[in-house]
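Please walk through the fold of this protein with the sequence and structure at hand. The account goes from the helices to the sheets and then to the ligand.

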Amino acid sequence: MAEELHLQIKGLRKSYGDFEAVRGVDLTVAKGEVVVIMGPSGCGKSTVIRCINRLVEPSSGEIWFDNQPLHKLTPNQLVPVRRRIGFVFQNFNLVQRLSARDNVLLGLVYAGLNKKTARRWAEEALEKVGLAQDADKFPREMSGGQQQRVGIARALALKPELMLWDEPTASLDPILVREVLDVMENLVKSSGTTMVIVTHEVPFALRVADRIELMNAGQIVESGTPTQLFQAPLTAVGQKYLEIIKAQHTDIAEISRRILATPRNEGRITA
Ligand SMILES: Nc1ncnc2c1ncn2[C@@H]1O[C@H](COP(=O)(O)OP(=O)(O)OP(=O)(O)O)[C@@H](O)[C@H]1O
Ligand SMILES: [Mg+2]
């Protein structure tokens, strides 16, 4: 049986003034597929992912989601469709004066759920990101990693059919990146939801992606499974990522050799 098409982008272009940031992107995503978009800073990744639910208005091209032409919908027609698409932002975008629970509840209430169901769905979503105990905390009382997990819970709570992630770990302290990537990896592996993920986290992408799309200068230049892509990259961007992968491997091996060679506690500073 042919895979069921869930999202299709055709000939997408976007200009900001005279500058064309996205120059003819085609992308198809099957139901349940996890597609990772990678590429150098400024190549147009955020623009593409934001055009999908029209947070950015495309200059031209078509966006089809579940056989609906999103590019043609009026703002009113878009509202119910956007509820079926979760978006996780780089900068969390939480409402500062609301608790974690209320940040998650807000979208559910807007979506017209009754209070009881909304509360249950919010609790379920907070539980999935490991924040059931922190639901009453305000953003200022949480670490960046916890705030981003609220951002993820908010997107999850509506039980979206498609989730879009725009560099969800990019604003985080490196120490906090891990906890968010772990939550993401669990979701990707357990939910079966269709996902488009923009990330610079190479090992994460290699683990979760069914397909990686490499962008450069407003276009998709190469795509394939992680293995296809990085065993024999065809483009300069692909080569660069392969170098990163190799460098990380070497570093990790080298560092662990050094750690193992160091007598226990020698040179360690402890609190
Ligand atoms: N609102 C805007 N007005 C003008 N130019 C913009 C705007 N948004 C993005 N651009 C430009 O469009 C290009 C693509 O930007 P975009 O944010 O899509 O890149 P990106 O691949 O997501 O980069 P990064 O990895 O740094 O997030 C960049 O050159 C950027 O400066
Ligand atoms: Mg971006």
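Helices H5 and H6 are roughly parallel to each other, because the angle between them is about 20° and angles under 35 degrees count as roughly parallel. This is a predicted model. H5 covers residues 144-157, and H6 covers residues 174-191, with the two axes 8 Å apart. Their crossing is right-handed. On the H5 side the meeting residues are Gly 144, Gly 145, Gln 148, Arg 149 and Ile 152, and on the H6 side they are Leu 176, Glu 179, Val 180 and Val 183. Sorted by class, this contact between H5 and H6 holds four nonpolar, three polar and two charged residues.

H5 also packs on helix H4, with an angle of about 135° and axes 8 Å apart. H4 and H5 are therefore oblique to each other, and H4 passes H5 in a right-handed crossing. From H4, the residues Trp 121, Ala 122, Ala 125, Leu 126 and Lys 128 take part; from H5, they meet Ala 153, Leu 156 and Ala 157. The residues of this contact divide into seven nonpolar, no polar and one charged.

On to the next pair. Helix H3, residues 100-110, packs with H4, residues 115-128, at an angle of about 130°, and their axes lie 9 Å apart. H3 and H4 are therefore oblique to each other, and H3 passes H4 in a right-handed crossing. H3 brings Ala 100, Arg 101, Val 104, Leu 105, Leu 108 and Val 109 to the contact, while H4 brings Ala 118, Trp 121, Ala 122, Ala 125 and Leu 126. By class, ten of the residues between H3 and H4 are nonpolar, none is polar and one is charged. Trp 121, Ala 122, Ala 125 and Leu 126 of H4 are in the contact with H3 and also in the contact with H5.

The strands come next. One open sheet has six strands in the order E6-E7-E8-E3-E9-E10, and its pairing is mixed. Strand E6, residues 85-88, and strand E10, residues 219-224, stand at its edges with a single partner strand each, so one side of each is left without a neighbour in the sheet. On average, neighbouring strands here are turned by 15° against each other, direction ignored. Within this sheet, strand E3 (residues 34-38) and strand E8 (residues 194-198) run parallel and are joined by four bridges. One of the bridge pairs links Val 34 with Met 195 in E8.

Another open sheet has four strands in the order E2-E1-E4-E5, with antiparallel pairing. The edges are strand E2, residues 19-30, and strand E5, residues 68-69; each has a single partner strand, so one side of each is left without a neighbour in the sheet. Strand E1, residues 5-16, runs antiparallel to E2, and nine bridges join the two. Among the residues facing each other across this pair, Gln 8 stands opposite Thr 28 in E2, and Leu 12 stands opposite Val 25 in E2. The hairpin of E1 and E2 has two residues between the strands, and Gly 17 takes a positive phi near 60° there. E1 is also joined to E4 by five bridges, again in an antiparallel run. Gln 8 has a bridge partner in E4 as well, namely Trp 64. In a regular strand, side chains alternate between the two faces of the sheet.

Which residues surround ligand 1? The shell consists of Tyr 16, Ala 21, Gly 39, Ser 41, Gly 42, Cys 43, Gly 44, Lys 45, Ser 46, Thr 47 and Glu 167. Helix H1, residues 45-52, gives the most to this shell, with three residues. Tyr 16 of the shell lies in E1, residues 5-16, and Ala 21 of the shell lies in E2, residues 19-30. By class, the shell around ligand 1 has three nonpolar, six polar and two charged residues.

Terms used: Residues are numbered from 1 along each chain as its sequence is written. Chains are lettered from A and ligands numbered from 1 in the order in which they are written. This is a predicted model: local features need pLDDT of at least 70, side-chain atom pairs count only at pLDDT 80 or more; totals for chains, interfaces and linings use all residues. Axes are lines fitted to C-alpha atoms, for helices over the stretch in contact, and angles run from 0 to 180 degrees between N-to-C directions. Angles under 35 degrees count as roughly parallel, over 145 as roughly antiparallel, 65 to 115 as roughly perpendicular and the rest as oblique. A crossing is left-handed if the near helix is turned anticlockwise from the far one by less than a right angle, and right-handed if clockwise. Two residues are in contact if their C-beta atoms, placed from the backbone, lie within 7 Å. Ala, Val, Leu, Ile, Met, Phe, Trp, Tyr, Cys and Pro count as nonpolar, Asp, Glu, Lys and Arg as charged, and the others, Gly among them, as polar. A residue is near a molecule or strand if its C-beta atom, placed from the backbone, lies within 6 Å of it. Two strands pair if DSSP finds at least two bridges between them.
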